[in-house]
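User: I am new to this structure and would like to learn how to read its helix packing. Please take me through it step by step.

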Amino acid sequence: MKKEELVLFPFIKKLFNALRTNTAIEHPHFGTVSNPIAMMMNEHDAEGERFREIAKLTNDYDPPSDACETYKVTFAMLKEFEQYLHKHIHLENNIVFPKAKEMETKLNLH
């Protein structure tokens with residue numbers, strides 16, 4: 001997340017503002033926006049795999065019949081977090097990242 005917040009998203013914002021105001025921006029130190037995007041997508045894949053394993057270990061977040069309330073709440077919260085994570089990953093991988101590549105192309109930065 002730190003890389004997204006400190007590197008990728010600020011650059012995407014620069015791309016957006018450059019297109020909006022029709023101004024030029026410098027080439028980024030990381031080459032092309034595809035480089036940090038590829039890194040983020042690899043991290044997204046790793047997190048997806050991690051949560052597939054958690055779901056498997058928790059019987060798809062189904063607590064044992066004798067589980068205490070805290071145990072049940074923990075499983076419910078894990079399931080909710082996984083659903084949020086999938087939505088977050090979908091939005092970035094399928095909407096934000098392709099749009100960032102498109103903006104970079106329009107600005108002839110790669």
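**Reading the helix packing**

Analyst: Helix α2 (residues 34-57) packs with helix α3 (residues 69-106) at an angle of about 165°, and their axes are 11 Å apart. That makes α2 roughly antiparallel to α3. The model is a predicted one, in which local features need pLDDT of at least 70 and side-chain atom pairs count only at pLDDT 80 or more, while totals for chains, interfaces and linings use all residues. Residues are numbered from 1 along each chain as its sequence is written, and side-chain values use heavy atoms, with hydrogens and water left out.

User: What describes two packed helices in general?

Analyst: Two packed helices are described by the angle between their axes and the distance between the axes. Axes are lines fitted to C-alpha atoms, for helices over the stretch in contact, and angles run from 0 to 180 degrees between N-to-C directions. Angles under 35 degrees count as roughly parallel, over 145 as roughly antiparallel, 65 to 115 as roughly perpendicular and the rest as oblique. The helices themselves are DSSP runs (H or I, at least four residues), numbered from the N terminus.

User: Is the crossing of α2 and α3 left-handed or right-handed?

Analyst: α2 and α3 cross in a left-handed way. A crossing is left-handed if the near helix is turned anticlockwise from the far one by less than a right angle, and right-handed if clockwise.

User: Which residues make the contact between α2 and α3?

Analyst: Contact means heavy atoms within 4.5 Å. From α2 come S34, I37, M40, M41, H44, E47, F51, I54 and A55, and from α3 come L78, F81, E82, L85, H88, I89, E92, N93, F97, A100, K101 and E104. Twelve of the residues in this contact of α2 with α3 are nonpolar, four are polar and five are charged. In this scheme Ala, Val, Leu, Ile, Met, Phe, Trp, Tyr, Cys and Pro count as nonpolar, Asp, Glu, Lys and Arg as charged, and the others, Gly among them, as polar.

User: How do α1 and α3 pack?

Analyst: The angle between α1 and α3 is about 50°, with their axes 10 Å apart. α1 and α3 are therefore oblique to each other. Their crossing is left-handed. On the α1 side E4, L8, F9, F11, I12, L15, F16 and L19 take part, and they meet H88, E92, V96, F97, A100, M103, E104 and K106 in α3. The contact of α1 with α3 has eleven nonpolar, one polar and four charged residues.

User: And how do α1 and α2 pack?

Analyst: α1 and α2 pack at about 160°, with axes 11 Å apart. α1 is thus roughly antiparallel to α2. α1 passes α2 in a left-handed crossing. K3, E4 and L8 of α1 meet P36, I37, M39, M40, E43 and H44 of α2. By class, the contact of α1 with α2 has five nonpolar residues, one polar and three charged.

User: What should the 24 residues of α2 span?

Analyst: The expected span of a helix is 1.5 Å times one less than its number of residues. For the 24 residues of α2 that gives 34 Å, and its end C-alpha atoms are 34 Å apart, which agrees.

User: Which residues of α2 are buried?

Analyst: Buried means under 20% relative accessible area, exposed over 50%, and partly exposed in between (1.4 Å probe, protein chains only). In α2 the buried residues are P36, I37, M40, H44, G48, F51 and A55. Their cover includes α1 (2-21) and α3.

User: Is E92 buried or exposed?

Analyst: E92 lies in helix α3. E92 counts as buried, at 5% relative accessibility. Leaving aside neighbours within four places in sequence, E92 is in contact with E4, F9, H44, F97 and P98.

User: Where are N22 and N59?

Analyst: N22 lies in the loop between α1 and α2, and its phi is near 55°, a positive value in a residue other than glycine. N22 is exposed, with a relative accessible area of 73%. N59 is in the loop between α2 and α3 and has a positive phi of about 55° although it is not a glycine. N59 is exposed as well, at a relative accessible area of 53%.

How values were computed
Helices (H or I, at least four residues) and strands (E, at least two) are DSSP runs, numbered from the N terminus.
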